[in-house]
Amino acid sequence: MTYETTEGRRTSAVDTHVGERVRMRRKLLGVSQDQLADNLGLTFQQVQKYERGANRISASKLFRIAEILSVDVAYFFDGLPDPIEGTGPDGTTLRVQEVMQTFLQTSEGVELAEIFPRIASGRVRRQILDLVRTMAAEEDK
């Protein structure tokens, strides 16, 4: 596990992972940083620091965040290696998780993730995918 110094304290990749999972769940539910902060009795800046992994989230705060965001506390640790067995997701799984986290960090990504599965026609979903691929290729030029 890599560590970096942040504001005189040490945070870890676990702090970053947990923060990303908080952000992803918050965005999926359409909860703003202000709303989450108000429910926690914090400032939105503190929530930003939690989500970036710049500040560690205490056990009691993480428990409260899980209540507010209606998930089990274990949700925030999904995707991390098992500390007892030392096993974790393989490289492909890690890549998929990274892509999904990046995608869901945007409001557009969250909205697409919510509405795309409602498109019943597989043909239409593939056409949308082809359109997005074409547009991304144009951006890369």
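The following paragraphs describe the predicted model of one protein chain, from its overall make-up to selected residues.

The structure is a predicted model, in which local features require a pLDDT of at least 70 and side-chain atom pairs count only at pLDDT 80 or more, whereas totals for chains, interfaces and linings use all residues. Residues are numbered from 1 along each chain as its sequence is written, and side-chain values use heavy atoms, with hydrogens and water left out. The pLDDT, which is the predictor's confidence in each residue on a scale from 0 to 100, averages 84 over the protein chain. A score of at least 70 is reached by 86% of the residues. Over residues 1–8 the pLDDT is below 50, and this stretch has 19 contacts in the model beyond near neighbours in sequence. A contact here means heavy atoms within 4.5 Å.

The protein chain contains seven helices and two strands, arranged along the sequence in the pattern β-β-α-α-α-α-α-α-α. Helices (H or I, at least four residues) and strands (E, at least two) are DSSP runs, numbered from the N terminus. Of the 141 residues, 28% count as buried. The term buried denotes a relative accessible area under 20%, exposed one over 50%, and partly exposed the range in between (1.4 Å probe, protein chains only). The accessible surface of the chain comes to about 9400 Å², and 54% of this surface belongs to carbon and sulfur atoms. Accessible areas come from the Shrake-Rupley method with a 1.4 Å probe, and for residues only the protein chains shown count as cover. Among contacts between residues at least 6 apart in sequence, 54% join residues at least 24 apart.

Aspartate 15 and glycine 53 illustrate contacts between separate parts of the sequence. Aspartate 15 is placed in helix α1 (residues 13–29) and counts as buried because its relative accessibility is 13%. A polar atom of its side chain lies 2.7 Å from the backbone nitrogen of serine 12. With residues up to four places away in sequence left aside, aspartate 15 touches Tyr50, Gly53 and Arg56. Glycine 53 is located in the loop between α3 (44–52) and α4, and its relative accessible area of 3% makes this residue buried. The C-alpha atoms of glycine 53 and histidine 17 are 7.3 Å apart, although the two residues are separated by 36 residues in sequence.

A search of the whole structure finds five salt bridges. A salt bridge is defined as a side-chain nitrogen of Lys or Arg within 4 Å of a carboxyl oxygen of Asp or Glu. Side chains of opposite charge can pair when their charged atoms come close. One of the salt bridges joins the side chains of aspartate 78 and arginine 21, at 3.5 Å from N to O. This pair links distant parts of the chain, 57 residues apart, with aspartate 78 in the loop between α4 and α5 and arginine 21 in helix α1. Aspartate 78 is partly exposed, with a relative accessible area of 40%, whereas arginine 21 is buried at 12%. Another salt bridge is formed by glutamate 51 with arginine 26, the closest N and O atoms being 2.6 Å apart. Here too distant parts of the chain are linked, with glutamate 51 in helix α3 and arginine 26 in helix α1, 25 residues apart. Both glutamate 51 and arginine 26 are buried. The side chains of arginine 133 and aspartate 130 also meet in a salt bridge, at 3.3 Å from N to O. Both residues lie in helix α7 (residues 122–140), three residues apart, which is about one turn of the helix. Aspartate 130 is partly exposed, at 42% relative accessibility.

On the surface, Met100, Phe103, Leu112 and Ile115 form a nonpolar patch with about 320 Å² of accessible area together. Patches are made of residues with over 30% relative accessible area and no salt bridge; like charges are joined within 9 Å, and nonpolar side chains (Val, Leu, Ile, Met, Phe, Trp, Tyr) within 5 Å. Helices α5 (91–104) and α6 (107–115) each supply at least two residues of the nonpolar patch. Isoleucine 115, found in helix α6, counts as partly exposed at 34% relative accessibility.

Serine 70 is found in the loop between α4 (59–68) and α5. Most residues other than glycine have a negative phi. The phi of serine 70, however, is near 55°, a positive value. Serine 70 is exposed, with a relative accessible area of 57%.

Notes
A polar contact is a pair of N or O atoms within 3.5 Å; within protein, one must be able to donate a hydrogen and the other to accept it, and residues adjacent in sequence count only if both atoms are side-chain atoms.
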